[in-house]
Amino acid sequence: MRELKFRVWGVGASETICALSTTVGDGGKCALTVLEPSTGVIFEQYTGLKDMNGRGIYEGDILQAEKTHVREFRRVAGFRHGQFGFDGKYDATLWFPLSGPGSVGKWFVIGNIHENPELLEGPR
């Protein structure tokens, strides 16, 4: 069984408005109440992965590479091509998975794009 977890943000909000979770049973069926898109919410899914400190990684989290404090090694977790990962800093067509074949390095969650957008700004 796999637990599915989501964070939910109000559009323009700086804190989560709720967190949802459910478990997919042996039959692969689950029930999850979803708010109407017109209510102005953003759903971010848990990747099923944890960072080096054991903190769960969600879409929209800002990740810092394990052995550097250089801002250019910070990336935002997302979902594309059927996997969780992040795009290249200078080439958004590149996609680097967070786990499995082709994954790169180990990461720490240092914030998220809603509460800490300044972590992605300017040189350090």
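**A salt-bridge network around R7**

R7, E44 and D61 are joined in a network of salt bridges. The model described here is predicted. Across the whole structure, three salt bridges are found.

In one, R7 pairs with E44, with the closest N and O atoms 2.9 Å apart. This pair links distant parts of the chain: R7 belongs to strand β1 (residues 2–10) and E44 to strand β3 (residues 41–50), 37 residues apart. In the other, R7 forms a salt bridge with D61, and here the closest N and O atoms are 2.8 Å apart. D61 lies in strand β5 (residues 61–65) and R7 in strand β1, so this pair ties together parts 54 residues apart in sequence.

R7 counts as buried at 11% relative accessibility. E44 does so at 5%. D61 is buried as well, with a relative accessible area of 1%.

Another salt bridge joins R80 to D87, with 3.5 Å between the closest N and O atoms. R80 is partly exposed, at a relative accessible area of 26%. D87 is also partly exposed, at 29%.

On the surface, V76, I113 and L120 form a nonpolar patch with about 200 Å² of accessible area together. I113 sits in the segment after β10 (107–112). Its relative accessible area is 34%, so I113 is partly exposed.

The mean pLDDT is 75, and 65% of residues reach 70 or more. Strand β4 (residues 56–58) has the highest confidence, at 91, and strand β2 (residues 16–24) the lowest, at a mean of 59. Where pLDDT is low, the predicted coordinates should not be read in detail.

Definitions and conventions. Residues numbered from 1 in each chain as written. Predicted model: local features only at pLDDT ≥ 70, side-chain atom pairs only at ≥ 80, totals over all residues. Heavy atoms only, no water. Patch = residues over 30% accessible without salt bridge, like charges linked within 9 Å, V, L, I, M, F, W, Y side chains within 5 Å. Areas by Shrake-Rupley, 256 points an atom, 1.4 Å probe, with all protein chains shown as cover. Salt bridge = Lys/Arg side-chain N within 4 Å of Asp/Glu carboxyl O. Helix = DSSP H or I, 4+ residues; strand = E, 2+ residues; numbered from the N terminus. Buried < 20%, exposed > 50% of the residue type's maximum accessible area, 1.4 Å probe, protein only. pLDDT = per-residue confidence, 0-100.
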